[in-house]
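Here is a short briefing on one protein model. Look at the structure first, then read the points by topic.

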Amino acid sequence: MTFLITGATGSVGRHVVDELVRAGAPVRALTRDPAAADLPEGAQIVRGDLTRPETLAPALRGVTGVHLIDVGGPGYAPLPNGREIVELIRRAGVRKVTLLSGWATGTLEAAVTESDLDWTYVQPTEFMVNALAWAPSVRARGVVEEPFGATKTAMVHEADIGAVIATVLTGDGHTGHSYGLTGLELLDMPAKVRILAEAIGRDLTYTELSAGEMRERHRAQGVPEELIAFQIEAFDVPDGAYQVSGTVEAVTGRPPRTFAQWAAEHAEAFL
Ligand SMILES: NC(=O)c1ccc[n+]([C@@H]2O[C@H](COP(=O)([O-])OP(=O)(O)OC[C@H]3O[C@@H](n4cnc5c(N)ncnc54)[C@H](OP(=O)(O)O)[C@@H]3O)[C@@H](O)[C@H]2O)c1
(Lines give C-alpha, C1' and ligand atoms only; values in the text may rest on other atoms or scores of the structure.)
Protein backbone atom coordinates (compact mmCIF):
# COMPACT_ATOMS: atom_id res chain seq x y z
CA MET A 1 0.00 0.00 0.00
CA THR A 2 2.17 2.88 -1.24
CA PHE A 3 0.61 6.25 -2.05
CA LEU A 4 2.04 8.76 -4.53
CA ILE A 5 1.20 12.36 -3.66
CA THR A 6 1.63 15.04 -6.31
CA GLY A 7 1.64 18.67 -5.17
CA ALA A 8 3.21 17.20 -2.01
CA THR A 9 5.09 20.41 -1.18
CA GLY A 10 1.97 22.54 -1.68
CA SER A 11 -0.43 23.87 0.90
CA VAL A 12 -2.80 20.88 0.57
CA GLY A 13 -0.40 18.12 -0.48
CA ARG A 14 1.84 18.50 2.56
CA HIS A 15 -1.18 17.80 4.79
CA VAL A 16 -2.00 14.69 2.76
CA VAL A 17 1.59 13.53 3.30
CA ASP A 18 1.42 14.36 7.04
CA GLU A 19 -1.84 12.45 7.49
CA LEU A 20 -0.59 9.35 5.67
CA VAL A 21 2.77 9.35 7.49
CA ARG A 22 0.94 9.69 10.82
CA ALA A 23 -1.26 6.75 9.84
CA GLY A 24 1.88 4.69 9.12
CA ALA A 25 1.15 4.40 5.39
CA PRO A 26 4.10 4.33 2.96
CA VAL A 27 4.14 7.68 1.11
CA ARG A 28 6.00 8.83 -1.98
CA ALA A 29 6.02 12.64 -2.29
CA LEU A 30 6.52 14.01 -5.81
CA THR A 31 8.35 17.29 -6.34
CA ARG A 32 10.28 18.95 -9.13
CA ASP A 33 12.96 19.95 -6.62
CA PRO A 34 13.71 17.33 -3.93
CA ALA A 35 16.47 19.49 -2.39
CA ALA A 36 13.95 22.23 -1.55
CA ALA A 37 11.20 19.88 -0.29
CA ASP A 38 10.66 20.24 3.43
CA LEU A 39 8.56 17.16 4.19
CA PRO A 40 8.21 14.73 7.13
CA GLU A 41 10.98 12.15 7.51
CA GLY A 42 8.65 9.22 6.94
CA ALA A 43 7.94 10.29 3.34
CA GLN A 44 10.03 9.08 0.41
CA ILE A 45 10.75 12.11 -1.77
CA VAL A 46 10.83 11.49 -5.53
CA ARG A 47 11.67 13.85 -8.36
CA GLY A 48 8.99 14.26 -11.04
CA ASP A 49 7.23 16.82 -13.19
CA LEU A 50 3.58 16.41 -14.25
CA THR A 51 4.27 18.27 -17.49
CA ARG A 52 6.98 15.68 -18.32
CA PRO A 53 5.15 12.36 -17.94
CA GLU A 54 8.29 10.31 -18.65
CA THR A 55 9.46 11.42 -15.16
CA LEU A 56 6.35 9.91 -13.55
CA ALA A 57 6.74 6.25 -14.55
CA PRO A 58 9.39 5.41 -11.91
CA ALA A 59 7.41 7.26 -9.22
CA LEU A 60 4.30 5.18 -10.03
CA ARG A 61 6.01 1.80 -9.63
CA GLY A 62 4.33 -0.31 -6.91
CA VAL A 63 1.81 2.39 -6.05
CA THR A 64 -1.74 1.63 -4.80
CA GLY A 65 -3.24 5.11 -4.89
CA VAL A 66 -2.31 8.48 -6.39
CA HIS A 67 -3.29 11.99 -5.39
CA LEU A 68 -3.23 14.39 -8.35
CA ILE A 69 -3.20 18.14 -8.77
CA ASP A 70 -4.60 19.61 -11.98
CA VAL A 71 -2.00 22.35 -12.44
CA GLY A 72 1.66 22.51 -13.33
CA GLY A 73 3.79 25.45 -14.18
CA PRO A 74 3.75 29.19 -13.68
CA GLY A 75 0.45 30.90 -12.84
CA TYR A 76 -1.24 27.57 -11.94
CA ALA A 77 -1.57 26.71 -15.64
CA PRO A 78 -3.97 23.77 -16.09
CA LEU A 79 -2.07 20.65 -17.18
CA PRO A 80 -2.25 20.08 -20.95
CA ASN A 81 -1.43 16.35 -20.83
CA GLY A 82 -4.17 14.78 -18.70
CA ARG A 83 -4.79 11.79 -20.97
CA GLU A 84 -1.11 10.89 -21.01
CA ILE A 85 -0.93 11.03 -17.19
CA VAL A 86 -4.03 8.85 -16.80
CA GLU A 87 -2.63 6.32 -19.29
CA LEU A 88 0.62 6.10 -17.28
CA ILE A 89 -1.36 5.57 -14.07
CA ARG A 90 -3.46 2.80 -15.65
CA ARG A 91 -0.39 1.15 -17.17
CA ALA A 92 1.29 1.14 -13.74
CA GLY A 93 -1.70 -0.84 -12.42
CA VAL A 94 -2.80 1.88 -10.02
CA ARG A 95 -6.58 1.86 -9.38
CA LYS A 96 -7.34 4.59 -6.87
CA VAL A 97 -7.00 8.28 -7.70
CA THR A 98 -7.95 11.48 -5.90
CA LEU A 99 -7.93 14.73 -7.87
CA LEU A 100 -7.83 18.22 -6.36
CA SER A 101 -9.83 20.63 -8.49
CA GLY A 102 -7.95 23.41 -10.21
CA TRP A 103 -9.23 26.95 -10.86
CA ALA A 104 -9.95 26.07 -14.50
CA THR A 105 -11.13 22.82 -16.04
CA GLY A 106 -7.96 21.16 -17.19
CA THR A 107 -7.40 18.10 -19.33
CA LEU A 108 -6.67 15.95 -16.28
CA GLU A 109 -10.14 16.38 -14.77
CA ALA A 110 -11.80 15.11 -17.95
CA ALA A 111 -9.29 12.29 -18.39
CA VAL A 112 -9.68 11.07 -14.79
CA THR A 113 -13.46 11.32 -14.56
CA GLU A 114 -13.94 9.62 -17.95
CA SER A 115 -11.52 6.81 -17.05
CA ASP A 116 -12.23 3.44 -15.45
CA LEU A 117 -10.05 4.37 -12.45
CA ASP A 118 -11.55 4.46 -8.94
CA TRP A 119 -11.53 8.24 -8.82
CA THR A 120 -12.74 10.79 -6.27
CA TYR A 121 -12.84 14.46 -7.18
CA VAL A 122 -12.13 16.92 -4.35
CA GLN A 123 -13.45 20.45 -4.87
CA PRO A 124 -12.60 22.73 -1.99
CA THR A 125 -13.86 26.27 -1.71
CA GLU A 126 -11.45 29.14 -0.83
CA PHE A 127 -8.42 27.89 1.13
CA MET A 128 -7.74 29.56 4.50
CA VAL A 129 -4.07 29.76 3.52
CA ASN A 130 -5.00 32.44 0.95
CA ALA A 131 -5.13 34.79 3.96
CA LEU A 132 -1.31 34.66 4.09
CA ALA A 133 -1.44 37.16 1.19
CA TRP A 134 -2.57 39.73 3.77
CA ALA A 135 0.55 39.26 5.92
CA PRO A 136 2.76 42.00 4.36
CA SER A 137 0.14 44.80 4.74
CA VAL A 138 -0.88 43.54 8.18
CA ARG A 139 2.74 43.56 9.38
CA ALA A 140 3.53 46.94 7.81
CA ARG A 141 0.30 48.91 8.39
CA GLY A 142 -2.23 46.80 10.27
CA VAL A 143 -4.48 46.74 7.19
CA VAL A 144 -6.18 44.07 5.09
CA GLU A 145 -7.05 45.22 1.57
CA GLU A 146 -9.42 43.11 -0.52
CA PRO A 147 -12.44 43.72 -2.77
CA PHE A 148 -15.97 42.32 -2.33
CA GLY A 149 -16.09 42.82 1.45
CA ALA A 150 -19.73 41.69 1.77
CA THR A 151 -19.22 38.33 0.03
CA LYS A 152 -19.52 35.56 2.58
CA THR A 153 -17.40 32.46 2.01
CA ALA A 154 -16.90 29.34 4.11
CA MET A 155 -13.12 29.07 3.81
CA VAL A 156 -11.70 25.61 4.39
CA HIS A 157 -8.54 24.71 6.31
CA GLU A 158 -5.91 23.00 4.12
CA ALA A 159 -5.45 20.34 6.82
CA ASP A 160 -9.11 19.37 6.45
CA ILE A 161 -8.70 19.02 2.68
CA GLY A 162 -5.61 16.88 3.34
CA ALA A 163 -7.52 14.76 5.85
CA VAL A 164 -10.36 14.14 3.37
CA ILE A 165 -7.89 13.11 0.65
CA ALA A 166 -5.96 10.78 2.99
CA THR A 167 -9.22 9.22 4.19
CA VAL A 168 -10.37 8.64 0.62
CA LEU A 169 -7.02 7.12 -0.41
CA THR A 170 -6.91 4.69 2.50
CA GLY A 171 -10.63 3.89 2.80
CA ASP A 172 -13.53 2.52 0.77
CA GLY A 173 -16.83 3.89 -0.47
CA HIS A 174 -15.65 7.10 -2.15
CA THR A 175 -15.39 6.05 -5.79
CA GLY A 176 -17.13 8.34 -8.26
CA HIS A 177 -17.92 11.02 -5.67
CA SER A 178 -17.22 14.75 -6.14
CA TYR A 179 -16.68 16.19 -2.71
CA GLY A 180 -17.32 19.92 -2.30
CA LEU A 181 -15.39 20.96 0.81
CA THR A 182 -15.99 24.02 2.97
CA GLY A 183 -15.28 25.16 6.48
CA LEU A 184 -17.90 25.57 9.20
CA GLU A 185 -18.85 29.24 8.92
CA LEU A 186 -19.80 31.77 6.28
CA LEU A 187 -17.70 34.89 6.89
CA ASP A 188 -17.54 38.26 5.13
CA MET A 189 -14.28 40.22 4.95
CA PRO A 190 -14.83 42.32 8.10
CA ALA A 191 -15.54 39.11 10.07
CA LYS A 192 -12.41 37.41 8.71
CA VAL A 193 -10.31 40.43 9.65
CA ARG A 194 -11.86 40.57 13.17
CA ILE A 195 -10.98 36.91 13.74
CA LEU A 196 -7.43 37.46 12.53
CA ALA A 197 -7.04 40.58 14.72
CA GLU A 198 -8.14 38.62 17.77
CA ALA A 199 -5.74 35.77 17.01
CA ILE A 200 -2.71 38.03 16.63
CA GLY A 201 -3.69 40.44 19.42
CA ARG A 202 -3.54 43.53 17.24
CA ASP A 203 -6.16 46.01 15.97
CA LEU A 204 -6.61 45.66 12.23
CA THR A 205 -8.48 47.71 9.65
CA TYR A 206 -10.27 46.33 6.63
CA THR A 207 -10.11 48.51 3.50
CA GLU A 208 -12.33 47.53 0.59
CA LEU A 209 -10.59 47.68 -2.78
CA SER A 210 -12.44 48.03 -6.06
CA ALA A 211 -12.21 45.12 -8.47
CA GLY A 212 -10.09 47.37 -10.73
CA GLU A 213 -7.61 48.07 -7.94
CA MET A 214 -7.31 44.35 -7.22
CA ARG A 215 -6.80 43.63 -10.93
CA GLU A 216 -3.97 46.17 -11.15
CA ARG A 217 -2.24 44.78 -8.07
CA HIS A 218 -2.41 41.21 -9.33
CA ARG A 219 -1.22 42.26 -12.79
CA ALA A 220 1.79 43.93 -11.20
CA GLN A 221 2.53 40.63 -9.44
CA GLY A 222 2.42 38.78 -12.78
CA VAL A 223 -0.80 36.85 -12.14
CA PRO A 224 -2.22 35.68 -15.52
CA GLU A 225 -5.27 37.61 -16.79
CA GLU A 226 -7.50 34.50 -16.86
CA LEU A 227 -6.69 33.74 -13.23
CA ILE A 228 -7.44 37.33 -12.19
CA ALA A 229 -10.78 37.14 -14.03
CA PHE A 230 -11.56 33.86 -12.25
CA GLN A 231 -10.72 35.38 -8.85
CA ILE A 232 -13.04 38.32 -9.51
CA GLU A 233 -15.85 36.06 -10.74
CA ALA A 234 -15.52 33.88 -7.65
CA PHE A 235 -16.13 36.83 -5.30
CA ASP A 236 -18.39 39.10 -7.34
CA VAL A 237 -21.44 37.02 -6.47
CA PRO A 238 -24.88 37.69 -4.96
CA ASP A 239 -25.55 37.20 -1.26
CA GLY A 240 -26.05 33.53 -0.46
CA ALA A 241 -23.96 32.27 -3.38
CA TYR A 242 -21.84 30.13 -1.05
CA GLN A 243 -23.13 27.54 1.39
CA VAL A 244 -21.59 25.40 4.11
CA SER A 245 -21.25 21.71 3.21
CA GLY A 246 -20.98 18.94 5.78
CA THR A 247 -18.59 16.88 3.66
CA VAL A 248 -15.40 17.26 5.73
CA GLU A 249 -17.12 15.80 8.78
CA ALA A 250 -19.05 13.20 6.77
CA VAL A 251 -15.80 11.84 5.27
CA THR A 252 -13.31 12.24 8.15
CA GLY A 253 -15.66 11.98 11.14
CA ARG A 254 -14.27 15.29 12.48
CA PRO A 255 -15.80 18.76 12.18
CA PRO A 256 -13.82 21.19 10.03
CA ARG A 257 -11.28 23.49 11.70
CA THR A 258 -12.34 27.13 12.17
CA PHE A 259 -10.68 30.24 10.77
CA ALA A 260 -9.88 31.26 14.37
CA GLN A 261 -7.87 28.04 14.70
CA TRP A 262 -6.07 28.66 11.39
CA ALA A 263 -5.30 32.25 12.41
CA ALA A 264 -3.89 31.13 15.79
CA GLU A 265 -1.69 28.53 14.04
CA HIS A 266 -0.35 31.15 11.60
CA ALA A 267 -0.25 34.21 13.90
CA GLU A 268 3.54 34.53 13.64
CA ALA A 269 3.36 35.24 9.90
CA PHE A 270 1.32 38.40 10.66
CA LEU A 271 3.52 39.80 13.46
N1 LIG B 1 -6.36 28.64 -3.17
C2 LIG B 1 -7.64 28.33 -3.23
O3 LIG B 1 -8.50 28.98 -2.63
C4 LIG B 1 -8.07 27.12 -4.04
C5 LIG B 1 -9.39 26.68 -3.95
C6 LIG B 1 -9.77 25.54 -4.67
C7 LIG B 1 -8.83 24.88 -5.45
N8 LIG B 1 -7.56 25.36 -5.52
C9 LIG B 1 -6.59 24.62 -6.36
O10 LIG B 1 -5.58 24.03 -5.53
C11 LIG B 1 -4.42 23.87 -6.33
C12 LIG B 1 -3.23 24.48 -5.62
O13 LIG B 1 -2.94 23.65 -4.56
P14 LIG B 1 -1.96 24.16 -3.43
O15 LIG B 1 -2.46 25.49 -2.90
O16 LIG B 1 -1.78 23.03 -2.50
O17 LIG B 1 -0.66 24.43 -4.26
P18 LIG B 1 0.56 25.33 -3.90
O19 LIG B 1 0.69 25.45 -2.42
O20 LIG B 1 0.57 26.58 -4.70
O21 LIG B 1 1.71 24.41 -4.46
C22 LIG B 1 1.76 24.02 -5.81
C23 LIG B 1 2.18 22.56 -5.83
O24 LIG B 1 2.13 22.15 -7.18
C25 LIG B 1 3.32 21.44 -7.47
N26 LIG B 1 3.59 21.59 -8.90
C27 LIG B 1 3.46 22.71 -9.65
N28 LIG B 1 3.79 22.46 -10.91
C29 LIG B 1 4.13 21.13 -10.97
C30 LIG B 1 4.56 20.27 -12.00
N31 LIG B 1 4.73 20.71 -13.26
N32 LIG B 1 4.82 18.98 -11.71
C33 LIG B 1 4.66 18.51 -10.44
N34 LIG B 1 4.25 19.29 -9.40
C35 LIG B 1 4.00 20.58 -9.68
C36 LIG B 1 4.38 22.07 -6.62
O37 LIG B 1 5.41 21.12 -6.42
P38 LIG B 1 6.99 21.43 -6.51
O39 LIG B 1 7.16 22.93 -6.65
O40 LIG B 1 7.55 20.89 -5.23
O41 LIG B 1 7.43 20.67 -7.71
C42 LIG B 1 3.59 22.33 -5.32
O43 LIG B 1 3.60 21.19 -4.50
C44 LIG B 1 -4.65 24.58 -7.63
O45 LIG B 1 -5.04 23.62 -8.57
C46 LIG B 1 -5.83 25.50 -7.30
O47 LIG B 1 -6.57 25.84 -8.45
C48 LIG B 1 -7.15 26.45 -4.83
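Is Glu84 buried, exposed or partly exposed? Glu84 counts as partly exposed, because it has 17 C-beta neighbours inside 10 Å. The cut-offs are these: a residue is buried if 20 or more other C-beta atoms lie within 10 Å of its own, exposed if 12 or fewer, and partly exposed in between, with C-beta atoms placed from the backbone.

This is a predicted model, in which local features need pLDDT of at least 70, side-chain atom pairs count only at pLDDT 80 or more, and totals for chains, interfaces and linings use all residues. Residues are numbered from 1 along each chain as its sequence is written.

**Overall build**

- The protein has 11 helices and nine strands. These are DSSP runs, numbered from the N terminus: helices are H or I with at least four residues, and strands are E with at least two.
- Its radius of gyration is 19 Å, close to the 18 Å that the globule rule gives for 271 residues, so the protein is as compact as a globular protein of that length. The radius is taken over C-alpha atoms, and the rule is 2.2 Å times the number of residues to the power 0.38.
- Along the principal axes, the C-alpha atoms fill a box of roughly 55 × 40 × 35 Å.
- Of the 271 residues, 37% count as buried.
- Take the contacts between residues at least 6 apart in sequence: 73% of them join residues at least 24 apart. Two residues are in contact if their C-beta atoms, placed from the backbone, lie within 7 Å.

**Two domains**

- The domain assignment gives domain 1 (2-124) and domain 2 (125-157 + 182-242 + 257-271). Such bounds come from an automatic or database domain assignment.
- The C-alpha centres of domain 1 and domain 2 lie 28 Å apart.
- Six residues of domain 1 are in contact with nine residues of domain 2. On the domain 1 side, the touching residues divide into four nonpolar, two polar and no charged.
- For these classes, Ala, Val, Leu, Ile, Met, Phe, Trp, Tyr, Cys and Pro count as nonpolar, Asp, Glu, Lys and Arg as charged, and the others, Gly among them, as polar.

**Around the ligand**

- There are 30 residues around the ligand, and Thr9, Gly10, Thr31, Arg32 and Gly72 come nearest. A residue is near a molecule if its C-beta atom, placed from the backbone, lies within 6 Å of it.
- The shell divides into 12 nonpolar, 13 polar and five charged residues.
- Why does the ligand lie between domain 1 and domain 2? Both domains give residues to the shell around the ligand, so it lies between them.

**The nonpolar core**

- In soluble globular proteins, nonpolar side chains tend to be buried together.
- The largest nonpolar core here has 65 residues. Such a core is a set of buried Ala, Val, Leu, Ile, Met, Phe, Trp, Tyr and Cys residues joined through C-beta atoms within 7 Å.
- Ile5, Val17, Ala29, Leu99, Val112, Val122 and Val164 touch the most other members.
- Helix H6 (residues 158-170) gives the most to this core, with eight residues.
- Domain 1 and domain 2 both give residues to this core, so it lies between them.
- Leaving out residues up to four places away in sequence, Val17 touches Ile5, Ala8, Val27, Ala29, Leu39, Pro40 and Ala43.

**Residues to find**

- Glu84 is in helix H3. Its C-alpha atom is 7.1 Å from that of Pro53, 31 residues apart along the chain.
- Gly106 is in the loop between strand E5 (96-100) and helix H4 (107-113). Gly106 counts as buried because it has 23 C-beta neighbours inside 10 Å.
- Gly106 and Leu79 are 27 residues apart in sequence, but 5.9 Å apart in space, C-alpha to C-alpha.
- Tyr76 lies in the loop between E4 and helix H3 (82-91). Its phi is near 55 degrees, a positive value in a residue other than glycine.
- Phe148 sits in the loop between strand E7 (143-146) and H6. Phi of Phe148 is near 55 degrees, and Phe148 counts as buried, with 20 C-beta neighbours inside 10 Å.
- Arg61 lies in the loop between helix H2 (57-60) and strand E4 (63-69). Arg61 is partly exposed, with 13 other C-beta atoms within 10 Å.
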